Amino acid sequence: MIQNNPVSHAIDVVGEAWTMLILREAFRGARQFEDWLSRLTIARSVLARRLKTMTEAGLLEARLYQTRPERYEYLLTEMGRDLFGVAVMLTLWEQDWSPRADPARAVRFVRRSSEDEVRPIMSGADPTRALSPHDVMPTPGPNPDFAPRMKTMRRRRVQPAQRGASGPIELGVELFGDYWTNLVLAAAFYRIRRYDEFLSNLDISTSVLADRLNAMVGHGILEKRRYRTRPERFEYVLTERGLALYPLVLAFFAWGQRWLCPEETAPVILVDRVSGAPVLPRLTDAVTGEVIDPRSVRAAPARSHADRTRAASG
């Protein structure tokens, strides 16, 4: 279930650093080739290839807006817009939990029509309460052997030195933009903790596993705990920062099930731990319970502490 589930298949399609950064800027209004060039320190050839691949995957639609010379703009399709939950949860985790976050660039989400603030969560049956790992559990779906036929991104590691126009690449993008890190993280959420357990459950080499575990410990996603002294053995447990990635995992799961693994063919589904009923996470507003539509919500600069205090008192 770790390597064949809606999350892993979603990551295969969009879990590549440049792809995630291009999607992020698309949600911020980028449409034309030069928009991305000015916002990301990306080579023209790399951008051209990613836009082509994302168009072929159905995430973007290329539209001709100039004939001489020929120029295209790239618009999010319905499939691409539905990744808004991933983009929102990544943004919120980055500014709440990442040591690389820049408070000056923090955002909040507001309704375009009224400027009322919304509080995005990944919810289940109760649209005003965020799902936690204690609420649901993965279980084999109706077709455990199902695998979607989608073009996947190259499985190459993201270099930490890679930069966006605003500074070092976000930690969340670095984590979810690396195939093997995703796999180790997924195993951790399946409560796999020990080195030998990771090896036996994942199609991964010892050197790659050791490298990713050490990196995730260094980033504060996993905590290394000794459970045996002779010989010395360690287990790797999700920290509070690591557990806080769960809404992002749910966002990938929801998108993967909707677009790559329909419920009737899904290899893995989420079920409520109490009732056993299937659960498909949704991006909702914790205040109103309404499903959040990316066309009706926008990011705005986060309010200062003084502004929040004035709003609460007035």
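1. Thr229 stands opposite Glu232 in β10. A hairpin joins β9 to β10 through 2 residues. Strand β9 covers residues 222-229 and is joined to β10 by 7 bridges, the two running antiparallel. Strands here are DSSP runs (E, at least two residues), numbered from the N terminus, as are helices (H or I, at least four). Two strands count as paired if DSSP finds at least two bridges between them.

2. The model is predicted: local features need pLDDT of at least 70, side-chain atom pairs count only at pLDDT 80 or more, and totals for chains, interfaces and linings use all residues. Residues are numbered from 1 along each chain as its sequence is written, and side-chain values use heavy atoms, with hydrogens and water left out.

3. An open sheet is formed by 3 strands in the order β4-β3-β14, with antiparallel pairing. Its edge strands, β4 (117-118) and β14 (297-301), each pair on one side only. Strand β3 (residues 107-111) is joined to β4 by 2 bridges. Phe109 has Val118 in β4 as its bridge partner.

4. Helices α1 and α12 have axes that come within 7 Å and cross at roughly 85°. Axes are lines fitted to C-alpha atoms, for helices over the stretch in contact, and angles run from 0 to 180 degrees between N-to-C directions.

5. By class, the contact has 10 nonpolar, 2 polar and no charged residues. Nonpolar means Ala, Val, Leu, Ile, Met, Phe, Trp, Tyr, Cys and Pro; charged means Asp, Glu, Lys and Arg; the others, Gly among them, are polar.

6. The largest pocket has a volume of about 720 Å³. A pocket is an open set of points on a 1 Å grid over the protein atoms alone where a 1.4 Å probe fits, with protein on both sides within 12 Å along at least five of seven lines; lining residues have an atom within 4 Å of a point. Grid points are joined across faces, edges and corners, and the volume is the space filled by probe spheres set on them.

7. Of the 35 residues lining the largest pocket, Ala186, Ala188, Phe189, Tyr190 and Tyr246 are the closest to its centre. Helix α8 gives the largest share of the lining, 7 residues. Elements giving two or more residues include α1 (6-14), α8 (179-189), β10 (232-238) and α12 (246-259). The lining divides into 25 nonpolar, 6 polar and 4 charged residues.
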